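Take a walk through this structure, one element at a time. Keep the strands and helices in view as you read.

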Amino acid sequence: MTEHTKPVSRYTTAARINHWITAVSLILLALSGMALFHPSLYFLTYLFGGGQITRAIHPWIGVVLGISFLGLFIRFFALNFWNRDDTIWMKNLGAVINNKEEGLPELGKYNAGQKLVFWGQSILILLLLGSGFVLWDTYFASYTTIDQKRWSAVIHALCAIGAILIWIVHVYAAIWVKGTLRAMTQGSVTGGWAWKHHRKWFRQEVGKP
Amino acid sequence: MSVLQALDLRRRSASSVPPLPAGKPAAVAVAKLIDVSKCIGCKACQTACLEWNQLDQPIGYTDGSYDNPTDLTTASWTVMRFTEYEHGDDLEWLIRKDGCMHCDDPGCLKACPAPGAIVQYTNGIVDFISDNCIGCGYCVKGCPFNIPRISQTTSKAYKCTLCSDRVVVGQAPACAKACPTQAIYFGTKEEMIAHAGKRIVDLKSRGYQNAGLYNPAGVNGTHVMYVLQHADKPSLYAGLPDDPHISPLVGIWKGVMKPLSLAAIAFAGAFGFLHYVTKGPNTVTEHDEEKAAELAGTDRAGSDKA
């Protein structure tokens, strides 16, 4: 396809690096966490050098993710507040899924689905960090009761599954909606992509609201 | 501990395939019976445990009671817990030898994520296999009695083995061997229950109307049992649980949550795949690019392709 406009800048280099540090941490956390969650997946501990090392390294990767995600949160939270158009978009989710989004309101930088991914991961990562510290016996065993640790184990596992499910939606959306991935690899999208999916944002970018 | 060839497994942690039948008769269930009414608190059992298992308990600090050390540690797998029980004009000194109860339904084993780090032999003994232990502390969360301790130096969990290495060669546990008042018995579980029955009759004849056996049903019975003077109130004995059972939280975490979580992830993956196959990708068309150029007011088609 021919591009008729200059590429539209969507993410700065710093934002992209921030995103990919978060992405790699989240994948490593999911692999090491699943290894310790389900015996059938215990073999994943070999990726990290065995059970002891997996157990020791998982919380440290969590710390990296926590700091990295905080960076993403600060960058993007202002763009993710819910508005009336998001409610309309969600009511027409069926049309979106059927690739028929033409009649929907023009969107800013993020659509309602992206905003839900953002807030969902923000809340779940906060809960995962909190419960994770309670489970980090090496340093924090003496600060909580055993019953608090049991609650944390359940909350940690539930939130982790939630975060993995949101991650699947996030990755699939990037595969499904063509032209999206280059925003996070090259930092820009085509004018057509911006016009089709985020027209209000595109208008701002080209200075013609 | 090493798994001894002579001890067959009944349960193995984090293993979907149950241990193979040994092809020989299952070992007789064993039990240790601790008669609290006969204990004089001499701590010979603690010493014998340290000696037999070659453990080194560093000298610590007293908390003003006779409890020494004040809690179970990675080296002290058994500790005498002293309670002064006052009722009316009476003062009773209740001395309970604390340590692993060797639950018939072990919560530690249920919670353990490392295959084979916790095993239960056919004789009922629950053993930690250090070689497979990853030091995660899940056993601590699974245990209804607060027994396992994680070493800060080796990152492994430790607790009483019921001297599985002695039992396998027909010896009683070191603590039972050392006890000068024979407050610790060891034998088949059946024999121990029968013996406890006689002791309870004796205690009742001496005015302990509520004397009884502590063999809690909530964990399907234990392979370490107590004869208590006040079996109606086990918590008198330094917080021995009145009705121990594996926490329902552990039940959810280690039960329904595991298959449901994997199913949810598989479903999400399958949904995405099917969506792509049936609905296809969402693509930007030439028309979209033209409209974009129209809006931006700069059609650069053909001059500079990105």
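This is a predicted model: local features need pLDDT of at least 70, side-chain atom pairs count only at pLDDT 80 or more; totals for chains, interfaces and linings use all residues.

Residues are numbered from 1 along each chain as its sequence is written, while chains are lettered from A and ligands numbered from 1 in the order in which they are written.

Start with strand 11 of chain B, residues 224-228. Helices (H or I, at least four residues) and strands (E, at least two) are DSSP runs, numbered from the N terminus. Five of the five residues of strand 11 are buried, so the strand is largely enclosed by the rest of the structure. Buried means that 20 or more other C-beta atoms, placed from the backbone, lie within 10 Å of the residue's own. Both faces are covered. B:Val224, B:Tyr226 and B:Leu228 lie on one side, with B:Met225 and B:Val227 on the other.

Now look at its partners. Two strands pair if DSSP finds at least two bridges between them. Strand 2 of chain B (residues 30-35) pairs with strand 11 in the parallel sense, over four bridges. Here B:Asp35 stands opposite B:Val227. Strand 10 of chain B (residues 212-214) runs antiparallel to strand 11, joined by three bridges. B:Gly212 has B:Leu228 as its bridge partner.

Chain B also holds an open sheet of three strands, in the order 1-5-6, with antiparallel pairing. Its edge strands are strand 1 (9-12) and strand 6 (126-128), each pairing on one side only. Strand 5 (residues 118-121) meets strand 6 over three bridges. B:Gln120 stands opposite B:Val126 there.

Turn to chain A. The axes of helix 5 (residues 112-135) and helix 7 come within 8 Å and cross at roughly 150°. Axes are lines fitted to C-alpha atoms over the stretch in contact, and angles run from 0 to 180 degrees between N-to-C directions. That crossing makes helix 5 of chain A roughly antiparallel to helix 7 of chain A (the term covers angles over 145 degrees).

Finally, consider where the chains meet. The contact takes 47 residues from chain A and 52 residues from chain B. Residues are in contact if their C-beta atoms, placed from the backbone, lie within 7 Å. On the side of chain A that touches chain B, helix 7 of chain A gives the most, with 13 residues.

How values were computed: A residue is buried if 20 or more other C-beta atoms lie within 10 Å of its own, exposed if 12 or fewer, and partly exposed in between; C-beta atoms are placed from the backbone. Two residues are in contact if their C-beta atoms, placed from the backbone, lie within 7 Å. Angles under 35 degrees count as roughly parallel, over 145 as roughly antiparallel, 65 to 115 as roughly perpendicular and the rest as oblique.
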